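Please look over the sequence and the structure before reading on.

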Amino acid sequence: MKKVKALILRTAGTNCDFETQAAFELCGASAEKLHVNELIEKRDKIFEYDILAFPGGFSYGDDIASGKILSNEVKNKLGEKVQKFALSGKPVIGICNGFQVLVKMGLLPDSKLFKQISTLSYNDSDKFECRWVYLKTEKQKGVSKSLWVQNLPNIISLPVAHGEGKFIPADKKLLDDLNKNNQVVFRYSSKDGKNPKYPLDPNGSTEQIAGICNAKGNVFGLMPHPERYVFALQHPGKEGFDGEHGWGKIIFQNAVDYI
Ligand SMILES: NC(=O)CC[C@H](N)C(=O)O
């Protein structure tokens with residue numbers, strides 16, 4: 001059988017590309033890291049892949065605002081290709097800095113509109129927050145909207161590491177729409193599913209939002225790092241789901257299995 005092909009789009013300052021590649025490969029995909037300039041030179045190359053990933057890190061040193069420069073670059077030089085890829089229904093993920101890129105170029109939350117209508121701003125603490133947190137998986141009638149989070153339990157644990165993770169939608173209407181359409185994928189939570197306080201809420205996000213998807217559910221962005229929890233032993237309490245793997249693996253496996 002042909003292997004599922006994942007593209008990990010990187011640039012100067014990206015630092016989670018190796019782990020993201022390893023996570024996809026653990027799930028049976030062939031994953032390739034590509035510098036954004038290489039894709040700009042051969043724009044149609046994007047369609048050789050089944051999955052597109054924007055990994056975490058500090059693209060261009062977080063200058064101006066985290067993810068802002070890369071989002072401009074992708075939108076202006078690859079925008080129409082990336083949007084076509086997303087609207088075709090193939091899985092797209094943005095992790096941490098990658099989530100910031102998706103939101104700032106506007107592929108999230110509305111891939112059709114493709115305009116920035118929300119942001120990820122400075123954490124309420126005004127500093128970098130780095131720890132394990134709990135996430136509540138949002139479901140409507142028992143089902144999550146996003147293909148990426150199928151088969152996850154209600155509460156999972158993943159690590160966060162960011163300075164600009166506070167999700168802010170442009171207005172109340174957008175927030176209402178995200179809730180109504182089941183586009184909120186993860187919220188920061190306490191271990192027993194209650195509203196968390198700092199430090200379990202690491203950034204003061206609107207309604208504790210930690211991850212969202214587009215209307216179709218194929219484009220997904222989140223601040224926590226699933227690629228840092230694919231093995232149980234990466235967790236300080238070794239809380240794996242099968243004694244060997246961590247919750248993050250299910251997220252990557254879902255996309256590979258979907259293809
Ligand atoms: N781990 C990350 O991807 C960090 C994202 C970004 N540099 C921030 O600090 O908010």
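Two strands count as paired if DSSP finds at least two bridges between them. Strands (E, at least two residues) and helices (H or I, at least four) are DSSP runs, numbered from the N terminus. The model is predicted: local features need pLDDT of at least 70, side-chain atom pairs count only at pLDDT 80 or more, and totals for chains, interfaces and linings use all residues. Residue numbers start from 1 along each chain as its sequence is written.

**The sheet**

- Nine strands form an open sheet with mixed pairing, in the order β2-β1-β3-β4-β11-β10-β9-β6-β7.
- β2 (30–35) and β7 (155–162) are the edge strands, each with a single partner, so one side of each has no neighbour in the sheet.
- From one strand to the next, the twist averages 25 degrees (axes are lines fitted to C-alpha atoms, and angles run from 0 to 180 degrees between N-to-C directions).
- β1 (residues 5–10) pairs with β2 in the parallel sense over six bridges, and Ile 8 stands opposite Lys 33 of β2.

**Strand β9**

- Six of the six residues of β9 (residues 184–189) are buried, so the strand is largely enclosed by the rest of the structure.
- A residue is buried if 20 or more other C-beta atoms lie within 10 Å of its own, exposed if 12 or fewer, and partly exposed in between, with C-beta atoms placed from the backbone.
- β9 pairs with β6 (residues 129–137) in the antiparallel sense over four bridges, and Leu 135 has Tyr 188 of β9 as its bridge partner.
- β9 and β10 (residues 209–213) run antiparallel and are joined by three bridges, with Ile 212 of β10 as the bridge partner of Val 184.

**Annotated active site**

- In an unreviewed UniProt entry, the annotation "active site" covers Cys 96, His 225 and Glu 227; such annotations may be inferred rather than shown by experiment.
- These residues are spread over 132 residues of sequence but cluster in space, with a largest C-alpha distance of 10.8 Å.
- Cys 96 lies in the loop between β4 (92–95) and α4 (97–105) and is buried, with 29 other C-beta atoms within 10 Å.
- Leaving aside neighbours within four places in sequence, Cys 96 is in contact (C-beta atoms, placed from the backbone, within 7 Å) with Gly 56, His 162, Met 223 and His 225.
- His 225 lies in the loop between β11 (219–222) and α6 (247–258) and is buried, with 21 C-beta neighbours inside 10 Å.

**Around the ligand**

- Residues around the ligand (C-beta atom, placed from the backbone, within 6 Å of it) include Gly 56, Cys 96, His 162 and Glu 164.
- The shell divides into three nonpolar, seven polar and two charged residues.

Notes:
Ala, Val, Leu, Ile, Met, Phe, Trp, Tyr, Cys and Pro count as nonpolar, Asp, Glu, Lys and Arg as charged, and the others, Gly among them, as polar. Two residues are in contact if their C-beta atoms, placed from the backbone, lie within 7 Å.
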